[in-house]
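Hi,

Here is the model I promised to pass on.

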Amino acid sequence: MWIKSGLLFVGVLLVLTGCGEQEPQSIHISVAASLKDVMDDVKPLYEGEHDNVTLEFDFAGSGQIRERVENRAPVDGVVLASAADADKLMKKKLIDDKAEIASNTLVAVMPSKSVPNGDITTELAKARVIAIGDPASVPAGKYAEEFLTKKQLMGIVKARLVKASDVRQVLAYVESGNADIGFVYQTDAMISKKVQTAYKISNDLHSPIGYYAATIQDSEAADETSKFMDYMKGTQAQKILKKYGFGEAN
C-alpha cells in the first residue's frame, strides 16, 4: 500500500513539474546591419530574462531582408531600417503590422586623418571615390541618394560612386581609405575610431529614418517573437539603443 501511494505521489509530482516548464524555443530574426552592436548587447539580457528562449540574428541591408522574407526564408521576425520595405511586406500580408522602435541620422564620414575643407559640396567635388549603400537594397544608400538628388549633386558624383551591400561595408571602405568619403548613419560613425563625422545631413533633405520591428505572419514562434518585439520598445532595450546613438521613434 505504501509503495503504491509513493509511486502515485511521484507520478503526480512529475506531471506538475512538467506543466510548469516551458519548451525551449529558438527565434530567428533578420536585422538591419546598423543594429548589430545593439543586438549583441540585447541578446544576453533577453535570454537571461527568458531562459526558454534562444535568439538567433542575421544582419543585412533591409531590402535584402525583405526579399528573403518574400522568398519564404525561415525567419520569425524582422527589424528593418526602412518603412518602405516594411510596408511592402504588409501589402503582401507577410507581416500584420510594423512598430517603430528608433530613429537615426545620416552623416558623411571621412578617414580620421583627413581634413574636411569647406562644405560637403566642395568635398564631394574633389573626392576620388564616394561610398554609398546600394540604394536598391540599403536604406542608408537610398537616403543618401535622396540627399544627392535634392542638392542636385547626383550628376556630378555618379561616376565616382561605389555601392556597398550594407552600411557597415560603406564604413569599411572609408576606414580602409578605399573611399574618401561615405554616407552612413551617425551610429555607425560612433563605433569607429578610424573615421570622423565630417558632415551631418539635414533631415529635411531625405525621408525620415526609422527602424521598424515586425513578426512574420506564418512564424511557428509568432507569440515569442512578438514578445521580443515588444521588449525592443521597452525601457531596457531603449537604453541600449540610446547608448549607441539611436534616437527615439519619430
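What volume does the largest pocket have? About 240 Å³. By pocket I mean an open set of points on a 1 Å grid over the protein atoms alone, where a 1.4 Å probe fits and protein lies on both sides within 12 Å along at least five of seven lines; lining residues have an atom within 4 Å of a point. The volume is the space filled by probe spheres set on the points, with grid points joined across faces, edges and corners.

Before going on, some housekeeping: this is a predicted model, so local features need pLDDT of at least 70 and side-chain atom pairs count only at pLDDT 80 or more, while totals for chains, interfaces and linings use all residues. Residues are numbered from 1 along each chain as its sequence is written, and side-chain values use heavy atoms, with hydrogens and water left out.

Back to that pocket: 17 residues line it, with Ser82, Ala84, Asp85, Pro139 and Lys142 nearest its centre. Two or more lining residues come from each of α3 (62–70), α4 (83–91) and α6 (139–150); helices (H or I, at least four residues) and strands (E, at least two) are DSSP runs numbered from the N terminus.

The second largest pocket has a volume of about 200 Å³. Of its 14 lining residues, Asp97, Ala213, Ala214, Thr215 and Ser226 are the closest to the centre. β10 (210–215) and α10 (222–232) each give two or more residues to this lining, and α10 has the largest share, 4 residues.

Now the sheet. Five strands make an open, mixed sheet in the order β2-β1-β3-β10-β4, where strands pair if DSSP finds at least two bridges between them. β2 (53–60) and β4 (99–103) are at the edges with a single partner strand each, so one side of each has no neighbour in the sheet. The twist averages 20° from one strand to the next; axes are lines fitted to C-alpha atoms (for helices over the stretch in contact), and angles run from 0 to 180 degrees between N-to-C directions. β4 pairs with β10 in the antiparallel sense over 4 bridges, and Glu100 stands opposite Tyr212 in β10. α4 packs on the sheet, touching β3 (77–80) and β10 (contact means heavy atoms within 4.5 Å), and its direction makes about 150° with that of β3.

Last, Arg168, which sits in helix α8 (residues 167–175). Its side chain reaches the backbone oxygen of Ser34 at 3.4 Å.

Cheers

Technical notes. Polar contact = N/O pair within 3.5 Å; in protein donor to acceptor, adjacent residues only side chain to side chain.
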